[in-house]
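Keep the structure open as you read.

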Amino acid sequence: MAILSVENLSKNYGAIKALKGISFSVPAGSVFGILGPNGSGKTTLLGIVMSVLKASGGGYKLFDEEPNDAHRKKIGTLLETPNFYHYLSAVQNLNITAAIKGRGEDDIDRVLEVVNLTQRKNSPFSSYSLGMKQRLAIGAALLGNPDVLVFDEPTNGLDPVGIAEIRSLIKKLSQQGKTIIMASHLLDEVEKVCTHVAILKQGDLKASGNVNEIFVHEDIVELAAENIDQLDTVLNEMQGYTKKTKDDGTIQLYYPQGQVKLDAINSFCFNKGLTLNHLHMKKKSLESKFFELTN
Amino acid sequence: MRSLLKIEWLKIKHYGAFKILSIFFIVGVVLTNYIVFSVNKNIIGNINTAGLVSSFNPYSFSNTWQTTSYATGFLLILPALLIIILITNEFSFRTSRQNIIDGWSRQEFIEVKMAMALIISVLCTLLVLITASVFALFSGTDFSLNGFDHVGYFFLKSFSYNMVAVLVSVLIRRTGFAIGLYFIYLGAENIISQLLDVWSMKLRSDHGIDLGSMGDYLPMNASDGLLTFPDNPLKSMAKSALPTDYYWVVIGFVIIYLFFFIWFSRRRFMKSDL
């Protein structure tokens, strides 16, 4: 069953096309990352699915059905910002959430414990720090233990400890069989917790599918010698790498993950009469991969 | 609807501005009526003894319904202010979004706000009822429901003020701007209304055409126009120059405007992005 399927969805704000006919589907039990730079349409997409924005074209289904209010009651959602009544406490706010959802009233203490807010549960929301507000929003999404969760930038405003806690929480929820749809501009975050991913850029869907298929891993070997042109010629005779680039006095060789043998490269060059003065293996940086995917 | 209203109550019962404005309104109603009561007793009463005008008590039974409704009408800006604050809060806290995300339909959201506006109007009307009765009890006159229709007019005025507040809030969304626009509109309409009234008087005196006070046909002045101070000897002297009060026409306008406010607020909220 698809938890969410989006069909040719588009959204225009006047002349600006925020979404340009996007289609994908979220399988049950997956942790589905929606990845893209700021302004790529992630929140717009989730806003339409959550019925707060009107689509300009196309449609979507929830649980393989035409979307209705009851569907949203079954989904725990944090969209963009923590939205609460400033003058009410955490408990009073969650009482309202529970009353609207029609479930979870007896679950308030548990979720406050999960997001570490028990100590401050009776303080007004307006006195919370940004991180506490974000944690309360995550707590509200967890209310009533829903099977589907939607998190838009869940680690926004959290400190490193908070980020680690939320990521392990998401993993734990996923292990319990829950479906999690998560929007993020942090590739690292998506890569660490997601099983599936859709990549958006300026309203276009660049790629979608299994994380391991989308992020093909590569290792890069960087080398240099006194005579860089001679090194370049010699390396043309060598086998095994997929791509070669040259810049600023170094040459980069790209290998499929785990297939680099530095000693073999070194002895190959030595046998050809070349002594290397630089040989270094580096993991491809996530940022460069992100740029590659979104450019 | 009952469960929706319960949730609205959860939202406001701990809200300071709600408590303060409610207390202001209740105290204000009692004070305003007391001022009218005491001015009449001490000043007009003194003129009476000089024998210039005949005896008149605005808070005697039958007069009390009209006087209290009229005097209290000036305070209806307070509940309207409360409604603007409550609705625009939802936009600035973005809870209007969150309520929908959590499972309300847009229709439920806007309808419960309108239901709140209606309930507040009913409560204000009840307050008028109690105040009118209590002041009249001191007049020593016999209980009478004559002129009770003015309490109904008060309800229409209160509901109109509150529904304009709902409309302005849904259109403007920002608390300060919404309150500002509400007052500016109220002021602007009053000026236009006065001009129309002068024109109505001229039409009547110069051409013998009596279309009623046309200033009363504007959205907010319609319900204002229904409420007047009871006829008294001083007022009667001026009355001959004024156009006829076509009550039913004005009531018709009030109801048409109310339907428009409801329809437009609902449509606006249902169709726009949150």
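Start with the rings: A:Tyr85, A:Tyr87, B:Tyr15 and B:Phe93 are linked into a cluster by ring pairs. Rings of Phe, Tyr and Trp (its six-membered ring) pair if their centres lie within 6.5 Å; planes under 30 degrees apart count as stacked, over 60 as edge-to-face and the rest as tilted. Over all chains, the count is 31 aromatic pairs. Two of them are set out here.

| Pair | Centre to centre | Angle between planes | Type |
|---|---|---|---|
| B:Trp104 and B:Phe109 | 6.2 Å | 70 degrees | edge-to-face |
| B:Tyr217 and B:Phe253 | 4.9 Å | 15 degrees | stacked |

B:Tyr217 sits in the loop between α8 (175-207) and α9 (219-226) of chain B, and B:Phe253 in helix α11 of chain B, so their pair ties together parts 36 residues apart in sequence. Helices (H or I, at least four residues) are DSSP runs, numbered from the N terminus.

The model is predicted: local features need pLDDT of at least 70, side-chain atom pairs count only at pLDDT 80 or more, and totals for chains, interfaces and linings use all residues. Residues are numbered from 1 along each chain as its sequence is written, chains are lettered from A and ligands numbered from 1 in the order written, and side-chain values use heavy atoms, without hydrogens and water.

Now the interface. Contact (heavy atoms within 4.5 Å) takes 24 residues from chain B and 27 residues from chain A. Four salt bridges are counted between the chains. Each is a side-chain nitrogen of Lys or Arg within 4 Å of a carboxyl oxygen of Asp or Glu. B:Arg94 forms one with A:Glu80, with the closest N and O atoms 3.5 Å apart.

Methods
Helix = DSSP H or I, 4+ residues; strand = E, 2+ residues; numbered from the N terminus.
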